[in-house]
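Work through the following exercises with the sequence and the 3D structure beside you. Try each task before reading its solution.

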Amino acid sequence: LENSLLTQPWASVCFNESAFIAKACFRDTGYILLISDLHSVWYESADTEAVAQRSKDLNKRLTVHVSSLLHHLCNLMCPLLAGQPDATTSFSCHLAAGGLSLHVKSELSGLPFYWDFHCCSAPVEMVSRHLVRPLIWMSLVLRYQVQGLTSLLLRKDAEIEDYRESGATLSRDRLWTEPFQEETFQQNIMAE
């Protein structure tokens with residue numbers, strides 16, 4: 001599950017008017033949820049036994065197969081993570097010492113459905129694997145892209161200057177641009 005979670009994108013979500021980023025992966029064997037407020041990172045991983053037991057504790061009137069529960073949880077969380085939460089489902093969270101609880105209220109087969117994700121602090125390796133390393137790699141990729149675009153702009157300026165020196169003129173004055181200033185551009189990036 002954790003390896004499958006690596007392929008899931010982070011999504012911005014709000015609970016109790018607080019901003020978080022989260023990602024989740026649901027399979028027939030269980031689920032894993034990773035959530036952060038960018039100060040702390042919490043996670044919960046639950047297998048089919050844990051899902052069945054929690055469902056019995058929280059939803060005494062429901063008798064549903066574990067795979068159906070996991071599918072329903074996926075159908076509740078995926079729209080939220082896609083930025084399109086279901087209006088009939090409510091989410092709230094509670095921070096406690098060393099953990100975060102995410103409470104879900106919905107319906108399943110016409111009956112009230114409740115779920116609690118009991119998240120504990122994520123281990124350093126998990127935080128590094130899912131948050132720090134991808135951010136560092138993305139930063140490096142963006143830096144290489146900026147270098148490539150900077151090089152392309154400098155070559156385009158040289159090409160335009162060559163055209164001008166050959167006697168070419170613009171047919172529309174509004175298309176004229178200032179030559180690219182790499183140093184100013186780099187200073188603006190650092191300032192931002």
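**Exercise 1.** Find which ring the charged end of R143 sits over.

Solution. A charge sits over a ring if NZ of Lys or CZ of Arg is within 6 Å of the ring centre and within 35 degrees of the ring normal. The ring in question belongs to Y144, and the charged end of R143 lies 5.5 Å from the centre of that ring.

The model is a predicted one, in which local features need pLDDT of at least 70 and side-chain atom pairs count only at pLDDT 80 or more, while totals for chains, interfaces and linings use all residues. Residues are numbered from 1 along each chain as its sequence is written, and side-chain values use heavy atoms, with hydrogens and water left out.

**Exercise 2.** Classify the aromatic pair of F15 and F91 as stacked, tilted or edge-to-face.

Solution. Rings of Phe, Tyr and Trp (its six-membered ring) pair if their centres lie within 6.5 Å, and planes under 30 degrees apart count as stacked, over 60 as edge-to-face and the rest as tilted. A search of the whole structure gives 8 aromatic pairs. For F15 and F91, the ring centres are 6.0 Å apart and the planes stand at 45°, so this pair is tilted. Because F15 belongs to strand β1 (residues 11-15) and F91 to strand β5 (residues 90-96), the pair ties together parts that are 76 residues apart in sequence; strands here are DSSP runs of E, at least two residues long, numbered from the N terminus.

**Exercise 3.** Decide whether F15 and F91 are buried or exposed.

Solution. Buried means under 20% relative accessible area, exposed over 50%, and partly exposed in between (1.4 Å probe, protein chains only). Both F15 and F91 are buried.

Definitions and conventions
Helix = DSSP H or I, 4+ residues; strand = E, 2+ residues; numbered from the N terminus.
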